[in-house]
Amino acid sequence: MKNLQTKNYELHFPVQSDVDILFRYRSNIEIAHSEGRIPDKSRQETAKFLTQLLSKIDAGIVNYWLISDHTKNHLGGISIWGFNQEKAEAEVGYDILPKFQGKGVISEVFPEIEQYAFTVLKLQKLSVYTSKIDILSQHILRKNHYRLIEHWIEKNLKGEPTDMFHFAKTIEEYQK
């Protein structure tokens, strides 16, 4: 895994000392709600999550980058994970701190991650799962020519019903 850069943002893989950065959004109630999980209540919880994440990165199970602007403000994270057994397909996931949402961060970094997935990782298909209420994500996906594959209702980690969408793009669609 390597660090990436766009015009306005730096994407770097996390290290153990990034626990305070991750705690900012792992403890954020809005982000936790949108991800259907309970927010971290302590830095120790986040440190445990980070240790597990770093282990998955080392094992090649996850590619994860922290997103910062050029003044080193931490904005969120983006990942490629959920690889199928053949490592031909994977999922992209991202989260941005609420005060930076709707400001074009993911619109700018998403194509860089997509390029990395299709050209470096040699994936054949990328998927993104988002909730029905996440209109901004749906807009980004449609703008990047992702197709809506399916819609369903599932229970989130808190047991609440959540309307979900699955969007996908193949390598052939990427190369057009």
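Analyst: Start with pairing: two strands pair if DSSP finds at least two bridges between them. Strands (E, at least two residues) and helices (H or I, at least four) are DSSP runs, numbered from the N terminus. This is a predicted model, where local features need pLDDT of at least 70, side-chain atom pairs count only at pLDDT 80 or more, and totals for chains, interfaces and linings use all residues. Residues are numbered from 1 along each chain as its sequence is written, and side-chain values use heavy atoms, leaving out hydrogens and water.

User: What makes β6 and β8 a pair?

Analyst: 7 bridges join β6 to β8. Pairing needs at least two, so the two strands pair. They run antiparallel.

User: Why is β7 called an edge strand?

Analyst: β7 (147–155) pairs on one side only, as does β1 (4–5). The open sheet has 8 strands in the order β1-β2-β3-β4-β5-β6-β8-β7, with mixed pairing.

User: What makes β8 mostly covered?

Analyst: 8 of its 10 residues are buried. Buried means under 20% relative accessible area, exposed over 50%, and partly exposed in between (1.4 Å probe, protein chains only).

User: Why is E30 called exposed?

Analyst: Its relative accessible area is 54%. That is over 50%, so E30 is exposed. E30 lies in helix α2 (residues 29–35).

User: Why are K72 and K87 labelled as they are?

Analyst: K72 has a relative accessible area of 58%, over the 50% limit, so it is exposed. K87 has 41%, between the 20% and 50% limits, so it is partly exposed. K72 lies in the loop between β3 (63–69) and β4 (74–81). K87 lies in the loop between β4 and β5. Phi is positive in both: near 75° for K72 and near 55° for K87.

User: Why is α1 called roughly perpendicular to α3?

Analyst: The axes of α1 (residues 19–26) and α3 (residues 43–58) cross at roughly 110° and come within 9 Å. Axes are lines fitted to C-alpha atoms, for helices over the stretch in contact, with angles from 0 to 180 degrees between N-to-C directions. Angles of 65 to 115 degrees count as roughly perpendicular, under 35 as roughly parallel, over 145 as roughly antiparallel, and the rest as oblique. So α1 is roughly perpendicular to α3.

User: How do you know that the span of α4 agrees with its residue count?

Analyst: The expected span is 1.5 Å times one less than the number of residues. For the 16 residues of α4 (residues 105–120), that should be 22 Å; the end C-alpha atoms are 22 Å apart, so the span agrees.

User: What makes a set of residues a nonpolar core, and which helix gives the largest share here?

Analyst: A nonpolar core is a set of buried Ala, Val, Leu, Ile, Met, Phe, Trp, Tyr and Cys residues joined through side-chain atoms within 4.5 Å. The largest one has 43 residues; I67, I78, I80, V92, I106 and F110 touch the most other members. The largest share, 8 residues, comes from α4.
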